[in-house]
Amino acid sequence: HPHYVVKDALALVVFMIVFAGFVFFTPNIMGHSDNYIQANPLVTPEHIVPEWYFLPFYAILRAIPDKLGGVMAMGGAIVILCFLPWLDTSKVRSAKYRPLYKQFFWIFITNFILLGYLGSQPAEGLFVLISRIATIYYFAHFLIILPLLGFIEKTKPLPKSISEPVLNDAERAAKAAAT
């Protein structure tokens, strides 16, 4: 018990030192340069963007031309994550044994980063078209691809037990002889 407390306390102190460095020496490192333009109440800024962690959902919001539809799609993009355990129909949950799922996972991550980039761009021309396609793929990944992968994917064989991959041959023979 004391070892874990001291170890965790040391990690906490190191984290707090790094955190204090950001807070006191570079507080605006993740800020947007538009925050330093003097405000003019008579002129609306041309391009207002949210913080970086909201950009993919902002792109989904702007991809739908109808305001209510955009808000519903943005909310649905977050709510659909709550249903993820039921949407993944595969018996094997680990991506280590699912090669096809790995490929679709990295395509989804690329799509999500693309949505983040598109959320920071002006809502005009080609950016809107690409964000609509990326939004369709975002929902298709959860509602179409994940359920189908559980049925069509051939998974790699699972180990018989947790200890089997780490035991050497002598230990396996001793364990088999004991049983």
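Q: Which element gives the most to the lining of the second largest pocket?
A: In this predicted model, the elements that each supply two or more residues to that lining are α4 (84-87), α5 (99-120) and α6 (126-152). With 4 residues, the top contributor is α5.

Q: Which residues lie nearest the centre of the second largest pocket?
A: This pocket has a volume of about 170 Å³. By class, its lining holds 9 nonpolar, 1 polar and 3 charged residues. Of the 13 lining residues, those nearest the centre are Leu84, Tyr101, Phe105, Phe142 and Leu146.

Q: How do the residues lining the largest pocket divide by class?
A: The largest pocket holds about 470 Å³ of space. It is lined by 21 residues, with Asp34, Asn35, Pro45, His47 and Ile48 nearest its centre. By class, the lining comes to 10 nonpolar, 8 polar and 3 charged.

Q: Why do α2 and α5 count as roughly perpendicular?
A: Two packed helices are described by the angle between their axes and the distance between the axes. Here the axes of α2 (residues 55-63) and α5 come within 7 Å, crossing at roughly 70°. Angles of 65 to 115 degrees count as roughly perpendicular, so α2 and α5 are described as roughly perpendicular.

Q: How many residues of the contact of α2 with α5 are nonpolar, polar and charged?
A: From α2 come Leu55, Pro56, Phe57, Tyr58, Ala59, Ile60 and Arg62. They meet Phe112, Leu115, Gly116, Leu118, Gly119 and Ser120 of α5. Sorted by class, the contact residues are 9 nonpolar, 3 polar and 1 charged.

Q: What volume does the largest cavity have?
A: Searching the whole structure for cavities of 30 Å³ or more turns up 1. The volume of the largest cavity is about 50 Å³.

Q: Which elements give two or more residues to the lining of the largest cavity?
A: The lining is made up of Ala59, Arg62, Ala63, Leu118, Ala123, Phe127, Val128 and Ser131. Among them, Ala59, Arg62 and Leu118 also take part in the contact of α2 with α5. The elements giving two or more residues to this lining are α2 and α6.

Q: How do the residues of the largest cavity's lining divide by class?
A: Among the lining residues are Phe127 and Val128, along with Arg62 and Ser131. The division is 6 nonpolar, 1 polar and 1 charged.

Methods
Residues numbered from 1 in each chain as written. Predicted model: local features only at pLDDT ≥ 70, side-chain atom pairs only at ≥ 80, totals over all residues. Heavy atoms only, no water. 1 Å grid on protein atoms, 1.4 Å probe; cavity = no way out; pocket = protein on both sides within 12 Å on 5 of 7 lines; lining within 4 Å. Points joined across faces, edges and corners; volume = space filled by probe spheres on them. Nonpolar A, V, L, I, M, F, W, Y, C, P; charged D, E, K, R; others polar. Axes fitted to C-alpha atoms, helices over the stretch in contact; angles between N-to-C directions. Parallel < 35°, antiparallel > 145°, perpendicular 65-115°, else oblique. Contact = heavy atoms within 4.5 Å.
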